[in-house]
Amino acid sequence: MGSAAVSFGRSAAPHMNDFFNERVHTDDIAATDAWLRSQYGHVDLQADDAAYSEHSVGDGSFALRRLEWRARVDIAHESDRFYICSSTPGYAWRIGQEQGEYSIEPGVLQPGDDLIARADHTRVDVVAFDAEWLTRTARTVYGDESLRVRFAAAGPVSRRLRDYWLATQQWALTQIPVMSEPLVRAHLGRTLAVAALEAFALVGDPRERRASALEQASIYSSAAAWIDDHASLPVTIDDAARAAGTSVSGLRRAFAANGQISATPEGYLGLARLSAAHADLVEADPATTTVEATAARWGFADAASFVAAYRAVYRAEPETTLRR
C-alpha cells in the first residue's frame, strides 16, 4: 500500500519577499499523478507504481527546487517564468527546434516556451526566476532601462560558462539552511541572476552589455576603495561620486549592480564607519572611552541608532564588545 504526504502549495503566487520552504512527497500513484497534473498540466504517467518528491525554497523573486522522479513520465508544459534546469541522466527535453538532455548540459526554459519532456527516474535541480524581477535585475546590472530579458538559446554560451553556472548553482544549494534570512536570500538571488545572465546568451548585443557591466564594476571598485580610505572624514556620497568620476545617479547604479555588501553607496559608507567603530571598541580601554564617544567619532550622532545598527551586524551589544 502506497502512502502520500502531499501539499498542493499556495493558493496564490507569493509576494517578492514572502519566504517559503515547502516539501512534497508521495509514493501513491494516484496522488503522484494528481500532483504532477496540478504543476505541469498535461502528464502521462507510464508506470504501475510511482513516487515523486520536491523541495522548493525561495520567495516571489526566485526559488531553488530539487525534484525527484521515481517513475517514467511524459510532460507537456507551458512555462510562466524562467527556469534553468540540470539533472542526473533521464530528463530529455524539446522546446521548439531545440532538444537536449539536462544531465549533459543545463538549459533555460523561458516564459511562453512549450516544453515537451520525458522524465525517467531522475533528479532535477531547478533555479526559477520571476520574469519581471529578472528583467529589473538585468537592467540594473547592464545599465539599460529598455532591456527585456530573452535568451537567444536554451544552452549556455560555452563549456567554461556552463561550468560556472553549475558551480554557482551547487553553491546556492548549500545556502538553503540559511535562506530564511532576507539578506542571505537577496545576495543569493542576485548572484544566481548574474550567473544566469552571463552563462546564457541574451538576445541583443553582448559587447555593449559587457562594456556597461565592466564600467559599472570599475566605478564600484573605485568608489568602495575611496570610501574605505575616507570613512573617518566628513565625506558624502557626492564626494565619492566625484572621486570615482561619475554622477551620483551613476554611483547608485554601480552599487545596485555590484554591491555585495550593500546595494547603495550610503549603506556602504555606513557599514564602513560601523566596521571602523567596531575595531575601535575592540581595541579601546573601557576606562577611558564610551560607546557614545566612539559612535560620535564615526559619524553616528544618535547613539541609539548606532547601537541598533551594531547589534544587527555583529549580533552583540557594543557595550559588551567594549568591556571584553
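How many salt bridges does the structure hold? Please look closely at them, and then at what surrounds them.

Reply: The structure holds 13 salt bridges. Keep in mind that this is a predicted model. Side chains of opposite charge can pair when their charged atoms come close. Let us take several pairs in turn.

Start with aspartate 59 and arginine 185. These two form a salt bridge, and their closest N and O atoms are 2.8 Å apart. Aspartate 59 sits in the loop between β4 (51-58) and β5 (62-78). Arginine 185 sits in helix α4. Are they buried or exposed? Both aspartate 59 and arginine 185 are buried.

Next come aspartate 113 and arginine 150. Their salt bridge has its closest N and O atoms 3.2 Å apart. Aspartate 113 has a relative accessibility of 12%, and it counts as buried because the cut-off is under 20%. Arginine 150 is partly exposed, with a relative accessible area of 33%.

The loop between α2 and α3 also holds arginine 148. The side chain of arginine 148 meets that of glutamate 132 in a salt bridge, at 3.1 Å from N to O. Glutamate 132 is in helix α2, 16 residues from arginine 148. Glutamate 132 is partly exposed at 40% relative accessibility. Arginine 148 is partly exposed too, with a relative accessible area of 49%.

Salt bridges can also share partners. Here they join Arg66, Arg123 and Asp125 into one network.

Helix α2 (residues 131-142) holds glutamate 132. The axes of α2 and α4 come within 10 Å and cross at roughly 75 degrees. Why do α2 and α4 count as roughly perpendicular? An angle of 65 to 115 degrees counts as roughly perpendicular, and the crossing of roughly 75 degrees is therefore in that range.

Which residues make this contact? From α2 come Trp133, Leu134, Thr137, Ala138, Val141 and Tyr142. From α4 come Gly189, Arg190, Ala193, Val194, Leu197 and Glu198. By class, the contact of α2 with α4 has eight nonpolar, two polar and two charged residues.

Helix α7 (residues 248-258) and helix α8 (residues 265-283) pack at about 70 degrees, with their axes 9 Å apart. That angle makes α7 roughly perpendicular to α8. Leu251, Arg252 and Phe255 in α7 meet Pro265, Glu266 and Tyr268 in α8. Four of the residues in the contact of α7 with α8 are nonpolar, none are polar and two are charged.

Phenylalanine 306 is buried, at 0% relative accessibility. Tyrosine 310 is buried at 0% as well. Elsewhere, ring pairs link Tyr52, Trp69, Tyr91, Trp93 and Tyr102 into a cluster.

Helix α10 also contains alanine 303. At 25% relative accessibility, alanine 303 counts as partly exposed. The C-alpha atoms of alanine 303 and glutamate 292 are separated by 5.6 Å, and these residues are eleven apart along the chain.

Finally, step back to the whole protein. The secondary structure comes to eleven helices and ten strands. Buried residues make up 46% of the 324 residues. The C-alpha atoms fill a box of roughly 80 × 50 × 30 Å, taken along the principal axes. Take the contacts between residues at least 6 apart in sequence: 69% of these join residues at least 24 apart.

How values were computed
Residues are numbered from 1 along each chain as its sequence is written. Side-chain values use heavy atoms; hydrogens and water are left out. Buried means under 20% relative accessible area, exposed over 50%, partly exposed in between (1.4 Å probe, protein chains only). Rings of Phe, Tyr and Trp (its six-membered ring) pair if their centres lie within 6.5 Å; planes under 30 degrees apart count as stacked, over 60 as edge-to-face and the rest as tilted. Axes are lines fitted to C-alpha atoms, for helices over the stretch in contact, and angles run from 0 to 180 degrees between N-to-C directions. Helices (H or I, at least four residues) and strands (E, at least two) are DSSP runs, numbered from the N terminus. Angles under 35 degrees count as roughly parallel, over 145 as roughly antiparallel, 65 to 115 as roughly perpendicular and the rest as oblique. Contact means heavy atoms within 4.5 Å. Ala, Val, Leu, Ile, Met, Phe, Trp, Tyr, Cys and Pro count as nonpolar, Asp, Glu, Lys and Arg as charged, and the others, Gly among them, as polar. A salt bridge is a side-chain nitrogen of Lys or Arg within 4 Å of a carboxyl oxygen of Asp or Glu.
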